[in-house]
Amino acid sequence: MSPYQSDLLRLLDERGYIHQLTDAGGLDALASKGIVPGYIGFDATAPSLHVGSLVQIMMLRRLQQAGHKPIVVMGGGTTKIGDPSGKDESRRMLTADGIAANIASIRTIFERLLTFGDGPTDAVIVDNEEWLGQLGYIELLRDVGPHFTINRMLTFDSVKLRLEREQPLTFLEFNYMILQAYDFRELALRRGCRLQMGGSDQWGNIVNGIELGRRKDGLELFGLTTPLLTTADGAKMGKTAAGAVWLNEDALPSYDFWQYWRNADDRDVGRFLRLFTDLPLDEIARLEALQGGEINDAKIALANAVTALCRGDAAATSAAATAQATFAGGGVGEDLPVCVLPAAGMPLIDALIGLGFAASRGEAKRLIAGGGARIDGEAVKDEGAHVPGGTERRISSGKKKHGVLRPA
């Protein structure tokens with residue numbers, strides 16, 4: 001039984017989003033009385049966000065589902081600085097045009113998961129370049145600087161961890177927490193925003209914003225963070241051996257996105273269903289209770305639901321059909337990567353590189369030597385192996401990656 005009275009905090013609590021709250025009672029009372037505008041910021045360091053950001057996007061979705069207003073803050077300004085939280089080194093500096101292009105690309109995932117418009121609970125997207133880009137350096141130092149002490153800034157994990165690891169922390173990055181605090185104050189004044197949410201690594205930045213708003217303007221603001229999200233084996237969400245699991249389809253095919261969720265650890269299934277899908281809690285309880293081979297039904301339900309939310313129903317249906325054809329029927333599905341197979345055939349090494357299973361000849365040779373390469377289901381350990389031409393061939397890398405060589 002949830003200890004909260006408001007629909008918002010009950011929903012977030014029951015689905016496992018709450019780690020820290022600055023004033024649980026105050027926010028619970030506020031959310032019970034009326035609409036609470038809340039925001040999360042997303043820096044535009046790449047053309048797509050990855051799965052590690054999905055819990056934050058889903059939290060904005062829950063905010064709207066509970067009858068409140070999501071504010072998506074695109075970091076057109078803060079991306080120029082770079083958030084040091086959780087980073088061992090400085091980010092690559094992006095141009096203004098590069099940041100603008102990334103923001104335009106990133107918007108698409110929010111448009112799938114949130115309802116935008118002019119209504120009181122409709123989501124809005126704002127760019128913090130709107131106010132950060134207008135700041136004069138001396139004016140900012142005089143207006144905001146006195147409310148931050150170096151002593152306290154050095155205690156925050158984003159700074160402390162970098163210094164402990166003897167990794168450089170530039171003065172540019174050191175200013176990030178001040179600008180994020182300034183964001184919260186500006187959103188409160190401009191948009192009536194009362195709540196900032198984020199991952200647990202953002203706690204210090206969020207508290208700074210709450211204190212700045214209180215000291216400068218007497219504002220009552222609130223903060224909420226999610227638990228640090230890792231998989232059951234301790235890996236960071238959104239990262240695999242093959243690279244980042246991107247949310248945008250042009251950055252990662254829907255079949256690979258579907259497979260990421262289908263291959264979830266048994267121990268993660270229930271938690272992921274609560275965080276990343278809209279399935280009812282009683283249905284989630286039934287699915288996570290499945291034992292043995294039946295747990296695969298829960299994983300398929302997870303993969304279908306998350307892919308449908310992020311990529312659309314058609315993408316989820318197609319990915320599931322491809323998986324069925326590939327694994328159950330022994331055939332090949334439409335979503336698998338395809339490479340042209342010349343009439344004379346081609347070296348297996350070239351096939352592995354062409355399908356994206358290896359980045360270099362050396363990597364392809366190691367894959368073959370380790371027994372991870374297959375032609376039509378048969379393991380091949382000869383690095384000089386040749387794939388015969390004339391008919392369609394299925395090439396596999398390990399048990400989970402498959403591709404098709406198709407005659408020209």
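## Aromatic pairs

Rings of Phe, Tyr and Trp, the last taken by its six-membered ring, form a pair if their centres lie within 6.5 Å. In this predicted model, seven such aromatic pairs are found. In one of them, Tyr39 and Phe184, the ring centres are 5.6 Å apart and the planes stand at 65°, so the pair is edge-to-face; planes over 60 degrees apart fall in that class. The two residues belong to distant parts of the chain, with Tyr39 in strand 2 and Phe184 in helix 10 (residues 176–191), 145 residues apart. Tyr39 and Phe184 are both buried.

A further edge-to-face pair is formed by Phe257 and Trp261, with 6.2 Å from centre to centre and 70° between the planes. Both residues lie in helix 12 (residues 254–262), four residues apart, which is about one turn of the helix. Phe257 counts as buried because its relative accessibility is 0%, and Trp261 is likewise buried, with a relative accessible area of 0%. One aromatic cluster comprises Phe257, Tyr260, Trp261, Phe272 and Phe276. Over the ring of Phe257 sits the charged end of Arg311, 4.5 Å from the ring centre.

Strand 2, which carries Tyr39, belongs to an open sheet of six strands with mixed pairing and the order 1-6-5-2-3-4. Strand 1 (20–21) and strand 4 (124–127) are the edge strands; each has a single partner strand, so one side of each lacks a neighbour in the sheet.

Strand 2 (residues 37–42) and strand 3 (residues 69–74) run parallel and are joined by six bridges. Among these residues, Phe42 has Met74 in strand 3 as its bridge partner.

## Helices on the sheet

Helix 3 (residues 54–65) packs on the sheet, where it touches strand 2, strand 3, strand 5 (195–199) and strand 6 (222–226). The direction of helix 3 makes about 165° with that of strand 2. Helix 11 (residues 203–217) lies across strand 1, strand 5 and strand 6, and runs at about 175° to strand 6.

## Helix 4 and helix 15

Two packed helices are described by the angle between their axes and the distance between the axes. For helix 4 (residues 96–113) and helix 15 (residues 295–311), the axes come within 7 Å and cross at roughly 115°.

At this contact, Ile109, Arg112 and Leu113 of helix 4 meet Leu309, Cys310 and Arg311 of helix 15. By class, the contact has four nonpolar, no polar and two charged residues.

Key. Residues are numbered from 1 along each chain as its sequence is written. This is a predicted model: local features need pLDDT of at least 70, side-chain atom pairs count only at pLDDT 80 or more; totals for chains, interfaces and linings use all residues. Side-chain values use heavy atoms; hydrogens and water are left out. Two strands pair if DSSP finds at least two bridges between them. Contact means heavy atoms within 4.5 Å. Axes are lines fitted to C-alpha atoms, for helices over the stretch in contact, and angles run from 0 to 180 degrees between N-to-C directions. Ala, Val, Leu, Ile, Met, Phe, Trp, Tyr, Cys and Pro count as nonpolar, Asp, Glu, Lys and Arg as charged, and the others, Gly among them, as polar. Rings of Phe, Tyr and Trp (its six-membered ring) pair if their centres lie within 6.5 Å; planes under 30 degrees apart count as stacked, over 60 as edge-to-face and the rest as tilted. Buried means under 20% relative accessible area, exposed over 50%, partly exposed in between (1.4 Å probe, protein chains only). A charge sits over a ring if NZ of Lys or CZ of Arg is within 6 Å of the ring centre and within 35 degrees of the ring normal.
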